[in-house]
Amino acid sequence: MSSDYALPVARPRVSLDVAPHVHPPKVELFDVKAMENIDPKGFRRTVDEYRMEKFGLFMARKMDSHPELAYIESWLLPELGLRVSHWHTHPGARQREDIYIDLVEVDTDFAARDAAPGPVWRMVDIYLDIHVYTGERLEVVDTDELLAALDARLIDAGTAQRTLERTYRTVEGITRHGYDTCAWLESLGIDLTWRDQRKP
């Protein structure tokens, strides 16, 4: 599933100096064979576990030098256009959402086109995020970044519309299942498991 259309489609119409919150979509690579996660800044992070299922790819690794977060577990779900993450915080860190959802485009065939030696998944972050406080509430954030990127022609209208539609579907599904992300996904035949085998 290609995500090439999520890349810049024209020169920006606004100055990035005038609007510093405007930035191109962040790109991340998941190199399964090398057991590495290449973050948007190009840093190679060692991965403790990759797990491939028919519905997606699981990754678990340490969060090096992060002031609040010690560990991340993520599922990439290409068909839904989601990255579903569960954070582990350092002792004493502030309380966070139980589940962090990025709206994304996932290219599962990136390795084949890039002549890489093994499975490499490419993820493009399309700005919007959903914070889920399981059993209580959720919130959608960074709508301003999505609209600014669209105005700056860093993404096209089709990408923005697809991302918003996925957001509406996800919010409706999670809300309908009592703000339980895993329960909603289970209703779609997607069973997310985590390293400690509990479902946030």
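Biologist: Which residue does the side chain of Glu68 meet in a salt bridge?

Modeller: This is a predicted model, in which local features need pLDDT of at least 70, side-chain atom pairs count only at pLDDT 80 or more, and totals for chains, interfaces and linings use all residues. Residues are numbered from 1 along each chain as its sequence is written, and side-chain values use heavy atoms, with hydrogens and water left out. A salt bridge requires a side-chain nitrogen of Lys or Arg within 4 Å of a carboxyl oxygen of Asp or Glu. At 3.3 Å from N to O, the partner of Glu68 is Arg96.

Biologist: How many residues apart in the chain are Glu68 and Arg96?

Modeller: Strands (E, at least two residues) and helices (H or I, at least four) are DSSP runs, numbered from the N terminus. Glu68 lies in the loop between strand 5 and strand 6, and Arg96 in the loop between strand 7 and strand 8. The pair thus links distant parts of the chain, and the number of residues apart is 28.

Biologist: Is Glu68 buried or partly exposed?

Modeller: Buried means under 20% relative accessible area, exposed over 50%, and partly exposed in between (1.4 Å probe, protein chains only). Because its relative accessible area is 22%, Glu68 is partly exposed.

Biologist: Which residue forms a salt bridge with Arg83?

Modeller: The N to O distance in this pair is 3.1 Å, and the partner of Arg83 is Glu28. Arg83 belongs to strand 7 and its partner to strand 1, 55 residues apart. Arg83 is buried because its relative accessibility is 6%.

Biologist: Which strand gives the most residues to the lining of the largest pocket?

Modeller: A pocket, on a 1 Å grid over the protein atoms alone, is an open set of points where a 1.4 Å probe fits, with protein on both sides within 12 Å along at least five of seven lines; lining residues have an atom within 4 Å of a point. The largest pocket has 26 lining residues, and those nearest its centre are Lys26, Glu28, Pro40, Met63 and Trp87. At least two lining residues come from each of strand 1, strand 6, strand 7, strand 8 and strand 9. The most, 4 residues, come from strand 9.

Biologist: Why is strand 9 described as largely enclosed by the rest of the structure?

Modeller: Strand 9 pairs in the antiparallel sense with strand 1 over 6 bridges, with strand 8 over 8 bridges and with strand 10 over 5 bridges; two strands pair if DSSP finds at least two bridges between them. Strand 9 is largely enclosed because the number of its 14 residues that are buried is 14.
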